Amino acid sequence: MFDNLTDKLDKAMHVLKGHGSITEVNVADTLKEIRRALVDADVNYKIAKEFTATAKQKALGQGVLTTLKPGQLLTKIVKDELTELMGGSVEGINLSGNPSIILMSGLQGSGKTTFSGKLANFLKTKKSKKPLLVACDIYRPAAIDQLHVVGEQIGVEVFSNRDEKDPVKISQAAIAYAKQNGFNAVIIDTAGRLAIDEQMMTEIADVHAAVKPHETLFVVDSMTGQDAVNTAKAFNERLNFDGVVLTKLDGDTRGGAALSIKSVVDKPIKFIGTGEKMEAIDVFYPERMADRILG
Ligand code: GDP
């Protein structure tokens with residue numbers, strides 16, 4: 001994960017490491033390298049520029065030119081900035097409501113169905129919840145089958161109705177079923193498409209308006225870089241979602257999505273997916289991620 005970015009940041013910092021005295025030019029050069037590394041990792045140029053401008057201000061303000069270990073100080077400043085860029089503190093999922101209604105959104109292939117299963121498993125094993133998974137993809141029978149396979153794997157019931165073609169009705173029936181049968185969390189897996197289209201957006205916005213979820217999560221493949229950020233923007237405009245799930249962080253991602261999404265949509269990353277298995281889910285900790293990026 002982030003190997004390339006980690007290497008480049010390390011190289012950029014190297015100039016300052018071990019230096020007893022440095023100049024403003026050294027600092028500016030290092031930050032320019034850092035900016036280049038961020039842009040290469042697919043971080044939006046404007047964000048990368050602001051990032052380095054703030055880091056420079058802090059570095060000079062905190063006396064990086066006179067400290068005995070400028071490399072260490074700059075590393076700390078960059079780490080704090082990276083943490084801030086990814087959201088600062090940890091933001092949990094809202095589990096109020098009985099049942100807590102969680103709506104999953106995102107494009108097809110983003111990992112939405114897999115993540116719905118992971119989240120159900122997480123709520124069951126870590127939060128002692130009794131979750132119900134709801135299959136709301138009315139276009140792809142295979143997607144319904146997939147959710148049933150996932151449910152079986154983790155021992156969580158799946159609600160579906162192959163004869164009903166209105167996702168709003170399916171969701172409402174599922175919530176009623178959950179209430180009658182003592183489920184205290186309902187995870188609604190909606191239909192996704194390969195690209196954003198009006199019909200999909202209207203459909204999910206309708207489900208959102210009808211079920212009033214306590215938590216709406218947007219799932220996105222971290223390997224898609226700037227596309228991930230643009231998709232997040234489009235979904236957020238329609239749904240005003242509560243948090244982001246970054247999947248496939250175990251893959252060869254350059255890190256741009258993780259670093260740009262928070263500042264573009266101003267919504268926290270809440271979970272990450274780090275593999276295909278049901279256990280490959282982690283709560284997102286900005287500070288830990290910054291540590292990982294810096295190696
Ligand atoms: P959906 O169309 O959004 O519901 O996407 P799926 O849940 O079907 O996932 C698409 C593909 O990505 C499947 O092959 C999943 O096994 C895979 N996948 C999902 N999440 C992850 C992840 O965190 N890491 C990896 N490596 N693969 C994932």
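This is a predicted model: local features need pLDDT of at least 70, side-chain atom pairs count only at pLDDT 80 or more; totals for chains, interfaces and linings use all residues.
1. Start with residues 268-281: their end C-alpha atoms lie 16 Å apart, and the span is 0% helix and 43% strand. Helices (H or I, at least four residues) and strands (E, at least two) are DSSP runs numbered from the N terminus. An unreviewed UniProt entry lists this stretch as "domain: SRP54-type proteins GTP-binding".

2. Residues are numbered from 1 along each chain as its sequence is written, and side-chain values use heavy atoms, with hydrogens and water left out.

3. Now the ligand. It is surrounded by 16 residues, the closest being Gly109, Thr113, Thr114, Asp250 and Glu276 (a residue is near if one of its heavy atoms lies within 4 Å). Helix H5 (residues 112-126) gives the largest share of this shell, with 4 residues. By class, the shell has 10 polar, 5 charged and 1 nonpolar; Gly counts as polar in this scheme.

4. Look at the backbone around the ligand too. A polar backbone atom of Gly109 sits 2.6 Å from a ligand oxygen. For Gly273, a backbone N or O atom is 3.3 Å from an oxygen of the ligand, and for Thr274 that distance is 3.5 Å. Polar contacts here are pairs of N or O atoms within 3.5 Å; within protein, one must be able to donate a hydrogen and the other to accept it, and residues adjacent in sequence count only if both atoms are side-chain atoms.

5. Where is Ser100, and what does it touch? Ser100 is found in strand S1 (residues 100-105) and is buried, at 0% relative accessible area (buried means under 20%, exposed over 50%, partly exposed in between; 1.4 Å probe, protein chains only). Its side chain reaches the backbone oxygen of Ser96 at 3.3 Å. Beyond neighbours within four places in sequence, Ser100 contacts Leu95, Lys129, Asn184, Ala185, Val186 and His214 (contact means heavy atoms within 4.5 Å).

6. Finally, the whole chain. The protein has 11 helices and 8 strands, and 53% of its 295 residues count as buried. Its C-alpha atoms fill a box of roughly 70 × 40 × 30 Å along the principal axes.

How values were computed. UniProt positions are given in the numbering used here, feature names are shortened, and annotations may be inferred rather than shown by experiment.
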